Amino acid sequence: MASSTVLTPGFSFQLTEEQLAVQAAAREFANSELLPGVIERDELQKFPAEQIKKMGELGFMGMMVDPRYNGGGMDSISYVLAMEEISKIDASASVAMSVNNSLVCWGIEKYGTEEQKQKYLTRLATGEIIGAFCLSEPEAGSDATSQKTTAQDMGDYYLLNGTKNWITNGNSASVYIVIAQTYPEKGHKGINALIVEKGTPGFVVGKKENKLGIRGSDTHSLMFTDVKVPKENRIGEDGFGFKFAMSTLNGGRIGIAAQALGIASGAYELSLKYSKERKAFGKEISQHQAIQFKLAEMATNIDAARLLCLQAAYLKDQHADFTKASAMAKLFASKVAMEVTVEAVQIHGGYGYVKEYHVERLMRDAKITQIYEGTSEIQKIVISREILK
Ligand code: CAA
């Protein structure tokens, strides 16, 4: 069924009681804890540290982690539902959630040793600490095999040297998964993934990026100069680092797709509400066909994006290959996020262009979903390779 373009067999449109409860809890949290102050945090580039702590306490930072490691033991569908609700209100909080859940926790749980799980995962899963995933470099974004950061094998430790760029949770994290080249002559087969703790001598958090959107998210460059990383902190076999990164990103893309979906549905809900309140030419603007057609198109695209997100999550939960499905979900949902938020600003008119109405922020936040965890162009490479296999 790898090349099928129909919905996956067994996929159900019916959410379980548990999934509905997770969705409701995330919605309640987003409205009561994230909405207050979201405009100020965006303006001041303030990381939602307290809110993330609470999200950890509620189980949103390690949703899919086995309860043995303090996780929520939930499925990926619940994760998509929660990501959508959190992202409707605060995409800066949701990217921290996404990276921690699907890149850091999942990567360590799936490929880490028991010692790594006990030492790191048990704390990452509760949000007591958060993690970062460090693949991108000044000269290696989309072209991820061209890693310049080196991890020289020194016997019982690696000597890490290099720079990472645009790292989400860059300063707030305590644990960093760093991708680095050990055997340059082996190309991507010589790359390793190492767990590096903040505070390790030679590891410096660099400048904070001043961004267009997700301004509450804490994005930094990182510098490593002769950082000694114990061998036991390597994830997987020697040379598994690139495969680790690709495999982890396949799941990460479900999180970002759900984030894009949430940004779109948040902007849509605000637009729908506004269109019933705002009057022009003697009636609510929702009574004008110009607005009705916009709302119809937004709603249709959002539903389609949600189905792709849920399909990718479903396949992941079934332990089926979800590479193509997650890339499709991210490609489509991020496009929808961009289109819907632009239309949301348009529906709000002059009010849409100012901060108080939220939609201008959602429009700025939407753009990154077409860039991080693989640009839209990279998703098309992934999808076409899967189709043509
Ligand atoms: N899943 C599993 N394995 C994969 C894979 C995938 N999606 N894509 C590639 N691989 C494997 C290949 O099978 C291959 O292994 P073998 O040699 O054993 O066959 C190996 O990885 C190398 O692959 P390619 O030969 O295809 O490498 P390439 O250079 O031609 O292209 C790419 C690879 C798909 C373009 C890859 O470089 C890529 O995905 N780039 C985008 C990187 C990215 O997503 N960066 C995001 C940064 S992280 C981030 O944004 C986090 C954050 O903070 C929010």
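**Exercises: a cavity and a helix pair**

The largest cavity holds about 40 Å³ of space. The model is predicted, with local features needing pLDDT of at least 70 and side-chain atom pairs pLDDT 80 or more, while totals for chains, interfaces and linings use all residues. Residues are numbered from 1 along each chain as its sequence is written, and side-chain values use heavy atoms, without hydrogens and water.

**Exercise 1.** State which residues line the largest cavity, and sort them by class.

*Solution.* 
Step 1. A cavity is a set of points on a 1 Å grid over the protein atoms alone where a 1.4 Å probe fits but cannot get out, and lining residues have an atom within 4 Å of a point.
Step 2. The lining consists of Val38, Arg41, Asp42, Asp90, Ser92, Gly216, Arg361 and Asp365.
Step 3. Helices H2 (38–44) and H10 (359–368) each give two or more residues to this lining; helices here are DSSP runs (H or I) of at least four residues, numbered from the N terminus. The largest share, three residues, comes from H2.
Step 4. One lining residue is nonpolar, two are polar and five are charged.

**Exercise 2.** Describe how H4 (residues 76–89) and H7 (residues 241–277) pack.

*Solution.* 
Step 1. Two packed helices are described by the angle and the distance between their axes.
Step 2. For H4 and H7 the angle is about 45° and the axes are 7 Å apart; axes are lines fitted to C-alpha atoms over the stretch in contact, and angles run from 0 to 180 degrees between N-to-C directions.

Conventions. 1 Å grid on protein atoms, 1.4 Å probe; cavity = no way out; pocket = protein on both sides within 12 Å on 5 of 7 lines; lining within 4 Å. Points joined across faces, edges and corners; volume = space filled by probe spheres on them. Nonpolar A, V, L, I, M, F, W, Y, C, P; charged D, E, K, R; others polar.
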